[in-house]
Amino acid sequence: MSERRDRFDPELAELLSDDPELIELAQLLRDSRPEPVLDPRFEAVLRARVVREARTVLAPRPERVRRPLMGRLAWGSLALSAALATAAVAIFVGGRLLAPTPASLAVSAPIAGHGQVNPDQAITLSFNQPMNEQSVEAALKIVPATAFTVTWTNSETAVVTPEHPLAADTDYQVTVVSSAESQSGQTLATNTTFSFATKPTPAGAPILQSANLGEADSYAEAFWDASGNPGVTSSTAWQPAAGALTGPAATAGSGTKSRAKSSPGDASPSGTAPGLSPALLPEVLSFPAVGTPVTLSRSAATAVAFSTGPGHNLALAIPQANGTSVITVAAADGSAPTAIWPSAGTPGAPVTALAWSGDNAIVFVTPAGIESVDVTSFQVTTLFALTATGSANGVVLAPDGADAYVPAADIPGLTASPTSPASPAATGTASTATATATPTPTATATPGGASENGYLVDLMDTAATPTLLPGSAGDVVAFSGDSSLVAWVSAAGDGVPQSVLEVPTSAPSATPVSIPDPPSQAVAGLFLSIDGGEIAYSLGQDGLEVAATGDGTILGTSSDIPGSLAFSPDSTRIAYVAGGSLWVATIAAPAGTPAVAECPGAEQVLTQFVSAQVAGDDAALTALSAPGVDSTVDTPIGLSRGYAVSAGCDPDTATLTASARLIVDPSGGAAGEVTDETITLAQVGTSWQVTQLSTPPLHAEGAGPKVLQVAVILSPAGGANPETTVLVTFDSDLLPGSITSASLMLEDASGQLLQQIGPPTYDANTRTVTLTIAGTLPDGAVIVVGMSVSDIDGGHPPAPFTAPVGG
Amino acid sequence: MTLPRAYEDQLVERAKTDADAFGELYDHYFGQIYRFAYSRLRDQDSAEEVTQEVFMKALRAMPRYRPSGHPFSSWLYQIGSNAIADHFRQQRPQSSLDAAVEVADPARSVADTVVESSEARRVWAAIDSLPEQQRTAMTLKLGEDLKLAQIGEIMGKSEGAVKLLVHRGMIGVRQRLGVVVAAEEAL
């Protein structure tokens with residue numbers, strides 16, 4: 001099975017050329033590769049299985065089904081009408097077919113009857129006969145309207161995959177219309193519907209709404225400049241891609257629109273921007289909220305740092321054609337650049353990281369070591385020498401240049417130790433490296449042996465002994481923006497789960513704190529906010545997660561895979577490079593929180609009240625209601641679920657007006673029912689009570705798109721020119737053309753339209769419409785969703801939807 | 001043996017609708033994928049399970065396959081790499097540093113320890129104790145002789161990042177073997 005390798009791999013030879021022992025070891029490993037044990041029958045058996053399957057799977061056919069014409073029947077009312085359901089629709093529970101006779105063509109679905117379905121779950125349909133696949137694909141329908149694709153694992157099994165994650169906490173019906181035909185020409189006796197419900201969205205885990213600011217080199221660094229604007233160290237063009245704005249993204253959204261509308265020849269505030277023409281060469285750019293981007297450097301940089309002092313406060317490491325770097329300092333807007341390193345006549349080196357040390361010195365990293373250069377005298381001081389064979393890529397500098405994380409492999413003279421440190425993840429203790437004659441730490445192995453070790457080096461005290469950060473690795477180490485904390489991932493070992501640990505840089509040998517609820521997926525990148533209150537995890541193919549370090553609450557998730565990420569100075573936004581673009585996302589608070597925040601305590605009472613309604617807890621309802629309000633009478637019985645859709649707070653009157661949805665899930669042959677109620681809470685003393693409750697009777701859920709949630713975000717937090725973003729999430733895939741400022745409107749208490757900044761935008765992946773206005777929403781403001789909004793099946797809301805958003 | 005690129009491209013295109021062409025792809029790549037799976041898993045049953053999963057997933061996704069400029073095998077390795085990661089998530093690997101400890105002989109240098117092929121095969125267990133991504137990069141480079149760029153395609157990383165992973169992996173192997181020798185010398 002294997003081929004004899006007589007020649008040493010030239011790539012390995014080059015890669016390891018500076019370490020003959022590694023070359024020898026690599027050659028020995030290659031030559032001694034264990035030969036796999038193979039059952040000779042397996043290859044043939046699997047081949048037969050694969051080819052047999054291929055004869056079924058590879059038959060040419062249309063792969064995608066998007067809303068067949070048949071779906072344009074008034075199917076919503078057909079499917080959901082109790083009367084017709086009894087007459088013509090067979091309901092399946094738990095995947096078991098109730099109606100057809102054994103000889104009939106039948107279809108089943110394991111998902112049927114499940115109530116906690118993952119939004120990413122595909123839907124498998126199993127037929128009892130080989131099917132005419134095109135007829136089945138034309139006969140499929142999902143309510144709420146959902147675009148999907150169909151693949152066949154064999155002629156009897158279809159896998160229906162929604163194009164976007166299913167809506168959370170929502171009832172779904174998948175229907176196979178009776179026209180579905182077997183290969184023998186037999187059809188289903190009736191339309192067949194399977195019902196299931198998706199699980200609720202985890203509390204506090206909103207999907208980040210990111211805005212695309214422009215192109216960025218995949219390996220560029222994202223940053224926030226001295227004025228608090230996002231930027232990137234290497235960008236070849238700053239125009240946003242058409243339609244790239246996918247979310248509100250706070251100030252970035254307006255900035256993006258302003259740029260797109262600028263005229264050719266516009267100059268940037270710094271006078272160095274290239275107008276509207278794309279940059280021909282990569283540049284360092286920052287993106288103000290309004291106006292054109294600012295070119296901070298006409299050459300791309302590998303590292304950037306800002307100081308707050310007077311004079312020069314921008315430092316850049318600019319790579320040269322010969323592989324070395326030049327360190328340049330400039331004014332905050334990039335003007336008056338001055339090269340300060342290397343000095344004339346001295347050899348240069350690639351700079352992988354830099355930081356300001358006070359206002360007059362730059363600390364930087366090269367493969368040779370960590371050095372400091374004085375901005376005015378250009379005097380260079382070596383702070384910490386690195387091993388001659390290392391690349392220094394794993395060295396991470398604290399933003400204040402006072403500390404550095406250095407992987408063990410980059411520390412010269414590292415000696416082996418027979419002892420292993422205790423695992424902080426397991427024992428809660430930390431280990432400090434043993435000092436030798438020089439401040440050289442000893443190499444150690446983690447319990448599982450699954451991680452590299454690295455050390456925290458105090459650059460301000462070159463005599464200090466580096467401190468071991470057990471289990472750490474260069475790719476997953478981060479300092480907080482104020483340099484007070486260092487965090488790292490201690491990888492999973494045998495019987496020890498992955499953990500994220502943190503210590504103060506001022507006391508690195510203190511017992512590490514374990515950040516609660518780290519991701520279960522492998523962490524590929526780690527980023528801390530300014531004060532370390534927030535943490536962002538890059539999870540490789542699993543995307544991005546932002547969480548609070550205090551309690552592990554997830555603040556936002558994204559499927560983007562960031563290569564570089566930076567928190568804004570106020571920690572309310574992140575800038576990151578992913579997929580060749582620079583993105584900015586607001587770390588959105590949970591729905592309704594900005595408004596509810598002005599009515600502290602009301603949100604909890606609202607949640608408790610709706611939960612008590614669903615549970616039928618009359619005692620709790622009475623306790624939460626003001627005297628004279630009998631909530632138990634108005635609350636329907638037999639509820640399955642309920643949740644708040646929106647809330648608006650009026651701090652002047654200390655009242656909260658909320659819209660909540662109560663749901664009875666379909667069961668057996670009965671269709672589901674729903675009602676949208678209005679709840680008013682008022683503050684009585686220090687507590688909140690329900691003072692009004694208006695709950696219409698339950699009714700069959702009508703066809704057409706429905707609003708699942710309304711969230712309000714004021715951004716930037718505390719900024720001078722605030723904008724308010726309203727996010728409206730639907731249960732159905734919508735026709736983007738139906739999303740206009742006439743179909744979704746914001747009105748004040750008197751019914752006057754509030755002027756929106758540009759038309760609403762629609763994010764198909766989250767089914768969320770974004771509306772933005774300048775300033776804050778007035779008291780009593782409402783969102784109105786008109787009946788012209790259309791889903792992909794042509795369905796419209798049965799009535800205009802109105803919900804409070806103002807406060 | 002590497003298929004001529006032009007022939008491979010034609011074969012891959014045919015395999016989107018032709019079961020026999022897919023069978024030919026299977027014939028050509030079965031050995032590589034099984035060996036890769038076995039190198040990572042060191043267990044015959046697990047390697048068979050992953051190999052089957054790779055070809056079945058590839059078959060189902062075949063109509064959507066788009067050439068990336070890299071050999072078709074990159075895509076299969078990519079599927080295999082994900083399947084192996086899933087396997088490890090479900091079940092921790094058996095090999096660990098402990099396995100490497102067994103092979104170390106304190107009377108010899110690291111290189112001497114590795115020289116004898118019967119022991120050298122077991123020294124590969126040291127690779128198993130490396131971090132996940134280093135392990136994958138090392139296996140593809142040292143076990144499969146793939147180009148760094150192709151490994152980058154498989155792992156979704158730049159060539160530079162793969163270089164770093166391999167370099168660190170090599171240092172890690174040496175360090176682990178060194179630690180083992182030192183540990184035994186101390187006994």
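Mentor: In this predicted model, a search of the whole structure finds 6 cavities of 30 Å³ or more. About 210 Å³ of space lies in the largest cavity.

Trainee: Why is such a space called a cavity?

Mentor: A cavity is a set of points where a 1.4 Å probe fits but cannot get out. The space of about 210 Å³ was found as a cavity, so the probe fits there and cannot leave.

Trainee: What makes a residue part of the lining, and which residues lie nearest the centre of the largest cavity?

Mentor: A lining residue has an atom within 4 Å of a cavity point. The largest cavity has 21 such residues, and A:Thr170, A:Asp171, A:Glu701, A:Lys706 and A:Asp731 lie nearest its centre. Two or more lining residues come from each of β7, β39, β40 and β41 of chain A. The largest share, 3 residues, belongs to β40(A).

Trainee: How do you know that β37 and β38 of chain A are paired?

Mentor: Pairing requires at least two bridges. Strands β37 (residues 573-578) and β38 (residues 581-586) of chain A are joined by 6 bridges and run antiparallel, so they count as a pair. For instance, A:Ala578 has A:Ser581 in β38(A) as its bridge partner.

Trainee: Why do β9 and β36 of chain A stand at the edges of their sheet?

Mentor: The open sheet has the order β9-β38-β37-β36 in chain A, with antiparallel pairing. Strands β9 (210-215) and β36 (564-567) of chain A each have a single partner strand, so one side of each lacks a neighbour in the sheet. The twist averages 20° from one strand to the next.

Notes:
Residues numbered from 1 in each chain as written. Chains lettered and ligands numbered in written order. Predicted model: local features only at pLDDT ≥ 70, side-chain atom pairs only at ≥ 80, totals over all residues. Heavy atoms only, no water. Helix = DSSP H or I, 4+ residues; strand = E, 2+ residues; numbered from the N terminus. Axes fitted to C-alpha atoms, helices over the stretch in contact; angles between N-to-C directions. 1 Å grid on protein atoms, 1.4 Å probe; cavity = no way out; pocket = protein on both sides within 12 Å on 5 of 7 lines; lining within 4 Å. Points joined across faces, edges and corners; volume = space filled by probe spheres on them.
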